[in-house]
Amino acid sequence: MPRLLVINPNTSSAVSALLQRHVQAGVGDALAVQTLTARFGAPYIASEAGYAVANHAVLDAWAADVAKNGRPDAVLIGCFGDPGLFALREGAGVPVGGLAEAAFSAAAWHGRFAIVTGGDRWRPMLARLAHALGHTQTLAGIHTVAPTGAQLAADPVGARQLLADACRQAAERFGAQAVILGGAGLAGMAADIASQVPVPLIDSVQAGAQWAVEALKRKEALDSGFGVDWQNVSWELAALD
């Protein structure tokens with residue numbers, strides 16, 4: 001069975017467990033999912049600094065997995081923000097996707113979309129990513145709630161009502177045809193609140209799982225190798241060519 005490596009760029013094992021459960025459910029019997037937690041960085045990324053370190057942590061996690069298990073068949077970056085997406089895609093030699101990219105594509109199928117996520121500092125980071133991924137025109141707006149994704153995940157009962165209200169407000173305020181509920185820690189919550197939102201509600205983790213299934217059907221020929229003479233990094237990363 002093809003192996004999907006899910007890299008959690010956060011250092012939270014609880015988020016990794018959530019990703020493992022929901023991504024495996026999303027791909028069913030099509031893929032064997034293995035979730036790997038970053039060896040360093042922020043417990044839950046909620047700032048530019050945390051995001052910057054996570055780019056390195058994703059490459060490090062990839063290198064550690066390759067050294068131990070060989071290359072997987074595909075990689076999903078398990079963070080709504082996709083740190084390391086472009087760097088890993090450059091030379092992994094297998095399909096590489098992220099929760100945000102997958103959710104953007106799924107939501108854009110309906111038309112212009114809005115994003116709801118936790119943590120005010122995510123707004124400019126997600127706007128930048130949407131622009132880089134070609135969604136400047138399809139992104140209608142970004143609505144952040146004050147609690148971070150980690151805080152929302154820690155209080156799922158309270159989070160559901162807060163997020164339902166935020167998703168409904170985002171759809172109405174931005175005139176969106178779909179809303180993305182973004183965040184690894186929010187996996188599964190979209191299904192619980194979708195009936196309270198007047199437009200399709202996209203779960204970023206489920207979108208990532210569906211991306212992985214479709215990506216392996218395409219069987220693309222991809223470049224392998226990073227062409228970097230690594231210095232003072234983990235031995236696994238230094239071993240990558």
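Trainee: What makes up the lining of the largest cavity, by class?

Mentor: In this predicted model, the lining of the largest cavity divides into 7 nonpolar, 6 polar and no charged residues. Gly183, one of the lining residues closest to the centre, counts as polar, because Gly is placed in that class. Tyr44, Phe80, Trp122 and Ala184 are also among the closest of the 13 lining residues.

Trainee: Why is this space called a cavity?

Mentor: A 1.4 Å probe fits in a cavity but cannot get out, whereas a pocket is an open set of points.

Trainee: What makes the residues around the largest pocket its lining?

Mentor: Each has an atom within 4 Å of a point of the pocket, so Pro72, Asp73 and Lys219, among others, belong to the lining. The volume of the largest pocket is about 160 Å³, and its lining has 6 nonpolar, 1 polar and 3 charged residues.

Trainee: Why is the set that includes Leu4 and Trp62 called a nonpolar core?

Mentor: Its 63 residues meet the rule because they are buried residues of the listed types, joined through side-chain atoms within 4.5 Å. Leu4, Trp62, Leu88 and Phe104 have the most contacts inside this core. Helix H9 (residues 204-218) gives the largest share, 8 residues.

Trainee: How do you know that Leu4 is in contact with Ala212?

Mentor: Contact means heavy atoms within 4.5 Å, so the pair meets that limit. Other partners of Leu4 include Val23, Val33 and Leu76.

Terms used:
Residues numbered from 1 in each chain as written. Predicted model: local features only at pLDDT ≥ 70, side-chain atom pairs only at ≥ 80, totals over all residues. Heavy atoms only, no water. 1 Å grid on protein atoms, 1.4 Å probe; cavity = no way out; pocket = protein on both sides within 12 Å on 5 of 7 lines; lining within 4 Å. Points joined across faces, edges and corners; volume = space filled by probe spheres on them. Buried < 20%, exposed > 50% of the residue type's maximum accessible area, 1.4 Å probe, protein only. Helix = DSSP H or I, 4+ residues; strand = E, 2+ residues; numbered from the N terminus. Lists of a residue's contacts leave out its neighbours within four places in sequence.
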